Amino acid sequence: MRMVAVVLGGGVGQRLRAGTPKQLLTLGGRTLVERCVAAFETAPGIDEILVVMARGYTGQVEALLADRYPKVTGVIEGGLGRPDSVRAALAAIASREPEAVQPPGGTTHPSPPDDCGVLLHDAARPLVDQRIIADCVAALEVHDAAGVAVPSSDTMVVTENGVMHSMPRRETLHRCQTPQCFRLSVISRAHELAAADPGFSPTDDCGVVMRYLPGVPVHIVPGSERNIKVTYPHDLAVAEALLSSAPPA
């Protein structure tokens with residue numbers, strides 16, 4: 001099955017307050033988006049890379065990646081929010097996989113045999129490693145949906161109006177990372193249903209599948225504490241420290 005990695009860099013990183021999209025900030029001499037692309041370029045299980053960027057930055061990223069990453073087949077413009085950017089990527093992939101966009105006969109039947117796998121990865125997670133990517137590819141060979149996650153080391157509490165309401169058992173809780181991985185037919189159908197629901201604003205693609213295709217199990221791929229997301233200014237310093245402490249390749 002063909003595997004397509006989508007590097008999602010459609011946001012502008014307002015919380016980082018850097019004056020430029022955070023995916024164009026540098027980490028160890030390379031931009032965050034380039035580090036993500038390089039990881040998927042190196043991964044033997046990935047056949048194609050599609051990059052989604054904020055409006056006005058696609059040309060800059062095309063120039064940045066040109067002639068260096070043969071697996072990159074396009075840099076496209078994202079939408080106003082993450083769901084819009086994901087849908088733009090799915091449409092671009094589906095335009096080259098016409099049979100894969102058909103719903104899988106309901107929500108629980110196997111995907112079409114010619115369906116492709118899609119790995120949706122945040123450009124703000126520049127330290128994704130080869131083990132995670134390989135495990136995602138392996139998961140999609142046998143499952144319709146999977147997401148990278150790490151167990152929570154903290155006790156979590158549900159609050160209401162500033163008051164602790166309940167404490168779920170910690171062993172049942174995980175923190176989601178990316179990639180989040182799906183058969184194209186499954187994630188396309190889930191987003192089609194989400195787009196028709198004006199009362200839902202998804203921020204997570206596993207959540208879209210769980211809500212709209214409850215018959216499709218979303219399996220866990222073990223993540224890594226190194227696979228951090230750069231959201232706030234101090235996250236970039238943490239990523240620099242993690243990068244400098246990595247053993248030589």
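This is a predicted model: local features need pLDDT of at least 70, side-chain atom pairs count only at pLDDT 80 or more; totals for chains, interfaces and linings use all residues.
**Helices, cores and a charged ring contact**

Visitor: Which residues of helix 5 and helix 6 meet?

Guide: On the helix 5 side they are Val-186, Ile-187, Ala-190, His-191, Leu-193 and Ala-194. Helix 6 brings Asp-205, Val-208, Val-209 and Tyr-212.

Visitor: How do you know that the charged end of Arg-211 has a place over the ring of Phe-200?

Guide: The charged end of Arg-211 is 4.2 Å from the centre of the Phe-200 ring. The distance cut-off is 6 Å, and the charge must also be within 35 degrees of the ring normal. Arg-211 is listed as sitting over that ring.

Visitor: Let's turn to Ile-133. What makes Ile-133 buried?

Guide: Ile-133 has a relative accessible area of 1%. Buried means under 20%, so Ile-133 qualifies. Ile-133 is found in helix 4. Leaving out residues up to four places away in sequence, Ile-133 touches Ala-39, Phe-40, Ala-43, Ile-46, Leu-119 and Val-128.

Visitor: And Phe-40, what is in contact with Phe-40?

Guide: Beyond its neighbours within four places in sequence, Phe-40 is in contact with several residues, including Ala-5, Val-7, Ile-49, Lys-71, His-121 and Pro-179. Ile-133 is also one of the contacts of Phe-40.

Visitor: What makes the largest nonpolar core a core, and which residues have the most contacts inside it?

Guide: A nonpolar core joins buried residues of kinds such as Val, Phe, Ile and Leu through side-chain atoms within 4.5 Å. The largest has 32 residues, and those with the most contacts inside it are Val-7, Phe-40, Ile-46, Ile-49, Val-51 and Leu-119. Among the elements giving two or more residues to this core are strand 1 (3-9), helix 1 (32-42) and helix 4 (130-142). A second, separate core of 27 residues includes Ala-89, Cys-116, Ala-145 and Leu-213.

Visitor: How many residues of the whole protein chain count as buried?

Guide: Of its 249 residues, 47% count as buried. The secondary structure of the chain comes to seven helices and eleven strands. Among contacts with a separation of 6 or more, 72% come from residues 24 or more positions apart.

Technical notes: Residues are numbered from 1 along each chain as its sequence is written. Side-chain values use heavy atoms; hydrogens and water are left out. Buried means under 20% relative accessible area, exposed over 50%, partly exposed in between (1.4 Å probe, protein chains only). Helices (H or I, at least four residues) and strands (E, at least two) are DSSP runs, numbered from the N terminus. Contact means heavy atoms within 4.5 Å.
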